[in-house]
Amino acid sequence: MADEDLATLGPAAEPLIPAAPPARDTGAVRPDAVPERVPESGPAARWLTGIVIAGLVLAALNLRPAITSLGALLKEVRDGLGMSGTVAGLLTSVPALCFAVFGFAAPRLARRWGPGAIVCAGMAAIAVGVVVRPFAGGTPGFLAGSALALAGIAVSNVLLPVVIKTWFPDRVGSMTGLYSMALALGTSLAAALTVPMTAALGGSWRTGLAVWALLAALAVLPWLVVLRRRPAGVAPGSGRPGAGEPPIRITSSPTAWALAVFFGLQATAAYITMGWMPQIFRDAGVSAGTAGVLLAVTMAMGVPLSFVLPRLASRMRHQGPLVVALGVCGLAGYTGLWLAPAAGAWGWALLMGISNCAFPLALTMIGMRSATPAGVVKLSAFAQSVGYLISIPGPLLVGTLYQHSGGWGLPIALMVGLMVPQIAVGVLAGRNRRIEDER
């Protein structure tokens, strides 16, 4: 992926306020300078900034419901479409595949049309995909609709942090926290509300899945307002290494590979949890509604921990102890699912929720493992795209093992087995070093 594809933000994401305080003119151009424009102020500027915040929150709310709502109704979907366990496992692997493929494509799309335009299109794709897939007829149509929705999620997932960096350069931490909280809230709400809403709307799983398109359609509106204003005269920053600095060969960095594998294994655990945890509880005798609430509890743990973990990690020279702590919680939760899934359901849901918060920790470590903005962009693109590719087989293997073994012993053993290397590579990724030192 070319550096210039990653660096140019495009007009649709430009802020109304200066990206940074004016620096003393020394005649030199900073290589990591962000785009500059004529500052504007007043009620109109504040109003549009508020629209952007609303757009960020609504977009983040839509980044997981298409996945977790399906997890809550997976049994009904399988029965209604006649899916085998293997095909259902493939369905739970589609998010990771779309995230990997469109994660590579998102910077190029943003360069052409701007992040704001792509996020707006992403929300529209989510709305169309979610409303079409239950009524497309048969498994192929359902998979195609899911892929469309997940493509919208993928590009938005990659580009929303870029919008935050551009519009709120002096509030990246707080706005990223707001974004993370909204993402976790959308995840847990879809898990908790899908089953009761399905019952309230007549009991059809098709309606229960399609209703989430309304939230995505609502998220399109603020981005349409943002796109109406296309500022002129914006000079994009280069985002390239400074003069005299050798280029970063990201594929030669042991730290980059450790981060990519860690990201991939934590994503594997997250998508197995979102796709299969309600089924594990239901097979143990837990009701469908309670199973959905248990998944919501697991996902809701990300709301407070998304604030706590990044701040704690940024104060530590080595993030390995946090990796180990989260991994131990995951091992305990999986062991409980194996031994007493129904009796200790609430405790296992809490432990797995804590373990799944390796995601914000991974994002934090990505930001800490490079000394330059250009390095962070390259590291983030590499770690997330390669990581999502790594995560693809996990949910599929779980579905296959479940179908052929007739129980959850082997699938849970796989989850435990994957947690061990996740801890190991996470400790390596957490070492206090930079990819620039590994040129």
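Residues are classed as buried under 20% relative accessible area, exposed over 50% and partly exposed in between, with a 1.4 Å probe and protein chains only. The structure is a predicted model, in which local features need pLDDT of at least 70 and side-chain atom pairs count only at pLDDT 80 or more, while totals for chains, interfaces and linings use all residues. Residues are numbered from 1 along each chain as its sequence is written, and side-chain values use heavy atoms, with hydrogens and water left out.

The secondary structure of the chain consists of 19 helices and 0 strands; helices (H or I, at least four residues) and strands (E, at least two) are DSSP runs numbered from the N terminus. Of the 439 residues, 54% count as buried. The accessible surface of the chain is about 17500 Å², and 68% of this area belongs to carbon and sulfur atoms; accessible areas come from the Shrake-Rupley method with a 1.4 Å probe, and for residues only the protein chains shown count as cover. With contact defined as heavy atoms within 4.5 Å, residues 24 or more positions apart account for 84% of the contacts in the chain with a separation of 6 or more.

Salt bridges were assigned where a side-chain nitrogen of Lys or Arg lies within 4 Å of a carboxyl oxygen of Asp or Glu. The count by this rule is 2. In one of them, D79 pairs with K75, with the closest N and O atoms 3.7 Å apart. D79 and K75 are 4 residues apart in helix α4 (residues 74-81), and are therefore separated by about one helical turn. D79 is exposed, with a relative accessible area of 55%, whereas K75 counts as partly exposed at 36% relative accessibility. A salt bridge is also formed by R282 and E76, whose closest N and O atoms are 3.0 Å apart. Because R282 lies in helix α11 and E76 in helix α4, this pair ties together parts that are 206 residues apart in sequence. R282 is buried at 18% relative accessible area, and E76 is partly exposed at 27%.

Aromatic pairs were assigned to rings of Phe, Tyr and Trp (its six-membered ring) whose centres lie within 6.5 Å; planes under 30 degrees apart count as stacked, over 60 as edge-to-face and the rest as tilted. The whole structure holds 10 such pairs. Among them is the edge-to-face pair of F99 and Y271, at 6.0 Å centre to centre and 75° between the planes. F99 lies in helix α5 and Y271 in helix α11, so the pair ties together parts 172 residues apart in sequence. Both F99 and Y271 are buried. Ring pairs link F99, F263, Y271, F359 and Y388 into a cluster.

Helix α5 (residues 85-113) also gives the most to a nonpolar surface patch, with 3 residues. The patch is made by L97, V101, F104 and L389 and covers about 330 Å². Patches are made of residues with over 30% relative accessible area and no salt bridge, like charges being joined within 9 Å and nonpolar side chains (Val, Leu, Ile, Met, Phe, Trp, Tyr) within 5 Å. F104 lies in helix α5 and counts as partly exposed at 35% relative accessibility.

In helix α11 (residues 254-283), T268 is buried at 4% relative accessibility. Not counting residues up to four places away in sequence, T268 touches I390, S391, G394 and L418.

The buried residues of helix α15 (residues 345-355) include A345, A349, M352, G353 and S355. Seen down the axis of α15, the buried residues fall within an arc of 160°, so they line one face of the helix; the arc is that of the directions from the helix axis to the C-beta atoms. These buried residues of α15 pack against α11, α12 (288-300), α14 (320-339), α16 (358-368) and α19 (409-429).

G409 belongs to helix α19 and is partly exposed, with a relative accessible area of 29%. The C-alpha atoms of G409 and L337 are separated by 9.2 Å, at 72 residues apart along the chain. V398, in helix α18 (residues 393-405), is buried with a relative accessible area of 0%. V398 and P411 are 13 residues apart in sequence and 5.0 Å apart in space, C-alpha to C-alpha. Leaving aside neighbours within four places in sequence, V398 is in contact with I272, W276, W408, P411, L414 and M415.
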